[in-house]
Structure formats: structure tokens, C-alpha cells
Amino acid sequence: MPDISLTMIAVLCLAALAAGWIDAVVGGGGLLLLPVLLLGLPSQTPAAHALGTNKAVAIVGTTGAAVTYVRKAPVDVRTAVRIGLAALAGSSAGAFFAAGMSTEVLKPVIMVVLLGVAAFVILRPAFGTAPATGPATRRRIFAAIGLAGLGIGFYDGLIGPGTGTFLVLALTAVLHLDLVTASATAKIVNCCTNAGALATFAWQGAVLWKLAALMAVFNLAGGTLGAHTALKQGSGFVRVVLLTVVFALVGNLAYEQWVA
């Protein structure tokens with residue numbers, strides 16, 4: 001356990017709880033958890049340790065949310081795993097290219113895309129609220145593997161913030177899922193990408209396991225609660241949270257690009 005105060009440990013645990021809830025409902029929990037970790041850990045702690053600890057915490061909450069969704073939502077687990085394996089390959093490739101590329105030039109592009117997404121969701125109130133249209137065709141599954149798997153997986157390895165939100169949007173649009181089912185499918189995909197990233201960080205010795213174990217308990221509780229909330233409240237509620245997270249992500253990227 002790093003040398004931090006009990007007050008900061010409590011803050012980190014509460015952040016893990018809230019991040020788990022947000023991530024389970026619509027993705028994007030890392031927008032809260034990672035900055036709090038970076039601020040809460042001692043200044044001499046390498047950034048890689050914050051990233052590795054974040055993944056160790058997040059994978060527990062994501063798995064708990066995925067299990068809850070699979071039990072109660074009509075999730076095509078086989079398709080989700082196929083997309084997840086593609087995302088794992090995509091994120092590995094993204095991480096490889098990230099070492100030699102400045103992601104600062106991509107942030108304004110991502111902000112424009114997110115604002116376009118927000119406008120689309122606002123102007124199309126029915127987006128993601130209609131029930132799923134039945135089993136997806138093979139063409140749509142391949143498209144989801146390419147876009148949500150390889151494409152967004154590559155983005156996750158290259159930049160990262162908002163990956164879960166992008167997955168929900170892509171799965172809703174490509175597979176014609178409702179937002180609740182898309183969130184459930186995204187959790188399974190996220191389990192795959194988180195596992196790959198965590199294995200890399202663990203191999204590098206960049207995980208604070210004792211702190212991660214404590215925070216993971218709260219993240220699991222938040223993730224399970226978030227999944228139950230989404231299932232109970234339905235797609236309309238998820239839509240509101242989705243827009244909130246999208247605007248928060250835009251604000252976060254804008255702050256990093258022009259203020260920080």
C-alpha cells in the first residue's frame with residue numbers, strides 16, 4: 001500500500017464506487033477513476049502505476065456488471081466475446097503505435113466526433129430506445145467486429161478515455177441494439193480489453209495490488225448497482241447518462257488540450 005492518508009484512501013474508494021456505477025450504465029468510468037488516482041497517489045509514483053492500478057480495479061467492476069447483465073438481459077455472449085477478442089488485438093496495436101505518436105493532435109478530432117454524437121442522440125430521441133430487432137445478421141456482426149472491436153480497441157490502446165461510451169454507441173448503431181443491451185455487450189468487450197491491458201501492466205510490475213484490491217471491492221459494488229439500475233430504469237435513463245458522460249468527456253479533453 002502506498003504511503004497515503006486514510007482520508008485519501010476513502011476518497012479513492014468512493015471514486016471507485018462512483019466510477020463502477022457510471023461504467024456499468026454507459027461506460028466512461030475511467031474519466032473519474034484515473035484522474036483521482038493520478039491526483040491521490042504520492043507525487044513520486046510513476047504514472048504507469050496509476051494506469052495499472054486503474055485497470056486492476058476496473059476489471060473487477062466490469063466483470064461484476066457483465067455477470068449481472070448476462071443473467072438478466074438478452075445478451076449474445078458469443079458475439080460479444082468475438083468483438084472483445086478483436087478489441088484486444090486492436091488495443092494491442094494501438095498501444096504499439098502510441099509510443100511513437102503524439103495523441104494531442106487527435107484530441108480535437110475526438111471532441112468534434114463526440115459533439116456530433118451528442119447532437120445525433122439529442123436530435124434522434126428514439127436512438128437506442130427501441131427494443132432490439134432480433135438476432136444480428138452476419139454482415140452486421142462483421143461490421144461490429146471491425147468497428148467496435150478493432151477500431152475502438154485501437155483507440156483504447158492509443159488514447160483510451162471514453163472507450164466504453166464509444167462501444168455503447170457503436171453497438172447500438174451497428175447491431176441495432178437498445179442502449180441497455182448495448183451496455184451489457186460493451187461490458188463483456190471491456191472485460192477482454194481490460195484483461196489484456198492488466199496482464200501487460202502486471203508483467204511490468206506496475207500494479208499497486210493492495211490498494212487495487214481495496215478499491216476493487218467498491219468498484220464491484222458500484223458496477224453491480226449500476227447494472228441493476230440500468231436494467232430497472234431502461235434505455236431512456238441510459239440515454240440521459242450517456243449524454244452526460246459525452247459532455248463530461250468533451251470537457252475533460254478540452255481541459256487537457258487547452259488548459260492543463
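1. Cysteine 192 is buried, at 16% relative accessible area (buried means under 20%, exposed over 50% and partly exposed in between, with a 1.4 Å probe and protein chains only). Please keep in mind that this is a predicted model, where local features need pLDDT of at least 70, side-chain atom pairs count only at pLDDT 80 or more, and totals for chains, interfaces and linings use all residues. Residues are numbered from 1 along each chain as its sequence is written, and side-chain values use heavy atoms, leaving out hydrogens and water.

2. On to sulfur pairs. The structure has zero disulfides (a disulfide being a pair of cysteine sulfur atoms within 2.5 Å). For cysteine 192, the nearest cysteine sulfur belongs to cysteine 191 and lies 6.8 Å away. Cysteine 13 counts as buried, because its relative accessibility is 5%.

3. Now to the surface. Val70, Val77, Val81 and Leu85 make up a nonpolar patch with about 290 Å² of accessible area together. Such patches join nonpolar side chains (Val, Leu, Ile, Met, Phe, Trp, Tyr) within 5 Å and like charges within 9 Å, using residues with over 30% relative accessible area and no salt bridge (a side-chain nitrogen of Lys or Arg within 4 Å of a carboxyl oxygen of Asp or Glu). Areas come from the Shrake-Rupley method with a 1.4 Å probe, and for residues only the protein chains shown count as cover.

4. Helix α4 (residues 77–98) gives the most to this patch, with three residues (helices are DSSP runs of H or I, at least four residues, and strands runs of E, at least two, numbered from the N terminus). Valine 81 sits in helix α4 and is partly exposed, because its relative accessibility is 32%.
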